[in-house]
Amino acid sequence: MKRITALLAAAAFVLTACGTSEPATTDAGAQTTAQPVSITDARGKKIDLKAPATKVVGLEWGAIENLITLGVMPVGVADVKGYTNWVTAAKLDASVKDVGTRGESSVDAIAALSPDLVITTTDESANSIAQFEKIAPVLVIRGADAANAIPQMKTNLELIGSAIGKADQAQQINADFDKKVAEGKQKIADAGKAGENFTMSDGYKQGSTISIRMYTTGSLLGAVLTEMGLKNGWTGAGDKDYGLAQTDLEGLTKVPNGNFLYIANDADGGDVFGGDLAGNAIWKNLPFVKADDTHRLPDGIWMFGGPKSTEQFIDAAVQAVTS
């Protein structure tokens, strides 16, 4: 399991337009002239582009997913293998170059691609961002916001959409996401499950130590399940960005009965709940385990992604809860 760090608080997003980010057709209709784009990112910094970006390097998987969803394949991404394992909602072309790991991307690898825009998040170090800005403009989005998880996800998509001339498409994708949430909520209600408890988790093993992360109501996935009419059985606080809380097996004894949903990945870390803990006496006596209410969701659903990954989660969660 890759670690998710939340190092910096972000300023509010403000979008401003300089002309239009959509191509303007000439009178002859034979060619288009792209207009300049001006946007303000999560740092409160104004980013001016001569035209909507087309050669983009993405350094965080949620941003990469959004780029592909909007129809722009990045020329370079951080950790191609990891992205491929964890994000199936928006697949990479074979032509995409690997520029290093998330948080430790190669300046030389990025420069070799001559991008017209680099997209990263507020989790990136200020020193790294300064190095990237010597190559191309850098758009910094906020990785997550536990106080506004769903709106932040939408804002990130719309900010990227503005930068690449796809603002209208971004708004439509967000509208489609809202419909998906409403449909999921209705299915849960129709199954008589509204108001039932859930807990959402992932876990990973380091040496002999198993760490468990709980998804609070401030997490993106926790917020979506709450929006669909379920009640989060984990009441502890999470971090201010991703809404995640650390616990251990003893901590799970405080979780009430209800559906226990969890993410695992056979290609990266395996399944600590279905494997390492399966024979553990404490685990076997947890109420939701004894009631057979544990549900491993399909591999490849990125927990910190954009609307398309989150729609995958909605489908899987609704199926688990109503089956």
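Thr-120 counts as buried because its relative accessibility is 1%, where buried means under 20% relative accessible area, exposed over 50%, and partly exposed in between (1.4 Å probe, protein chains only). Thr-120 belongs to strand S10, residues 117-121. Helices (H or I, at least four residues) and strands (E, at least two) are DSSP runs, numbered from the N terminus. Neighbours within four places in sequence aside, Thr-120 is in contact with Leu-59, Ile-129, Val-138, Leu-139, Val-140 and Ile-141; contact means heavy atoms within 4.5 Å.

The structure is a predicted model, in which local features need pLDDT of at least 70 and side-chain atom pairs count only at pLDDT 80 or more, while totals for chains, interfaces and linings use all residues. Residues are numbered from 1 along each chain as its sequence is written, and side-chain values use heavy atoms, with hydrogens and water left out. The average pLDDT of the protein is 91, and 90% of the residues score at least 70; pLDDT is the predictor's confidence in each residue, from 0 to 100. Over residues 1-32 the pLDDT is below 50, and this stretch has 79 contacts in the model beyond near neighbours in sequence.

The protein contains 12 helices and 17 strands. Of its 323 residues, 50% count as buried. Among contacts between residues at least 6 apart in sequence, 63% join residues at least 24 apart.

Helix H6 covers residues 167-190, and at 1.5 Å a residue its 24 residues should span 34 Å; the end C-alpha atoms are 35 Å apart, which agrees. The expected span is 1.5 Å times one less than the number of residues. The buried residues of H6 are Ala-167, Ala-170, Ile-173, Asn-174, Phe-177, Val-181, Gly-184 and Ile-188. An α-helix has 3.6 residues a turn, so residues three or four places apart point the same way. The cover over the buried residues of H6 includes helix H1 (61-69), H5, H7 and helix H12 (307-322). Ala-182 is also in helix H6, but this residue is partly exposed, with a relative accessible area of 48%. Although Ala-182 and Met-228 are 46 residues apart in sequence, their C-alpha atoms are 7.1 Å apart in space. After H6 comes Gly-192, with a positive phi near 75°.

Helix H7 is mostly covered, with six of its eight residues buried. These are Leu-220, Leu-221, Gly-222, Ala-223, Val-224 and Leu-225. Their cover includes H5, H6, strand S12 (197-206), strand S13 (209-215), strand S16 (259-263) and H12. Just after H7, Gly-229 has a positive phi of about 100°.

The axes of helix H5 (residues 149-163) and helix H7 (residues 220-227) come within 8 Å and cross at roughly 115°. Axes are lines fitted to C-alpha atoms, for helices over the stretch in contact, and angles run from 0 to 180 degrees between N-to-C directions. On the H5 side, Ala-149, Ile-150 and Met-153 meet Leu-220, Ala-223, Val-224 and Glu-227 in H7. By class, this contact of H5 with H7 has six nonpolar, no polar and one charged residues. Ala, Val, Leu, Ile, Met, Phe, Trp, Tyr, Cys and Pro count as nonpolar, Asp, Glu, Lys and Arg as charged, and the others, Gly among them, as polar.

Most residues other than glycine have a negative phi. Asp-79 is not a glycine, yet its phi is positive, about 60°. Asp-79 lies in the loop between strand S6 (76-77) and helix H2 (80-86), and at 14% relative accessibility it counts as buried. Asp-292 also has a positive phi, near 60°. This residue is found in the loop between helix H11 (287-290) and strand S17 (294-296), and at 59% relative accessibility Asp-292 counts as exposed.

Val-107 lies in helix H3, residues 107-112. At 29% relative accessibility, Val-107 counts as partly exposed. Residues up to four places away in sequence not counted, Val-107 touches Gln-131, Phe-132 and Ile-135. Val-107 and Gln-131 are 24 residues apart in sequence, and 7.0 Å apart in space from C-alpha to C-alpha.
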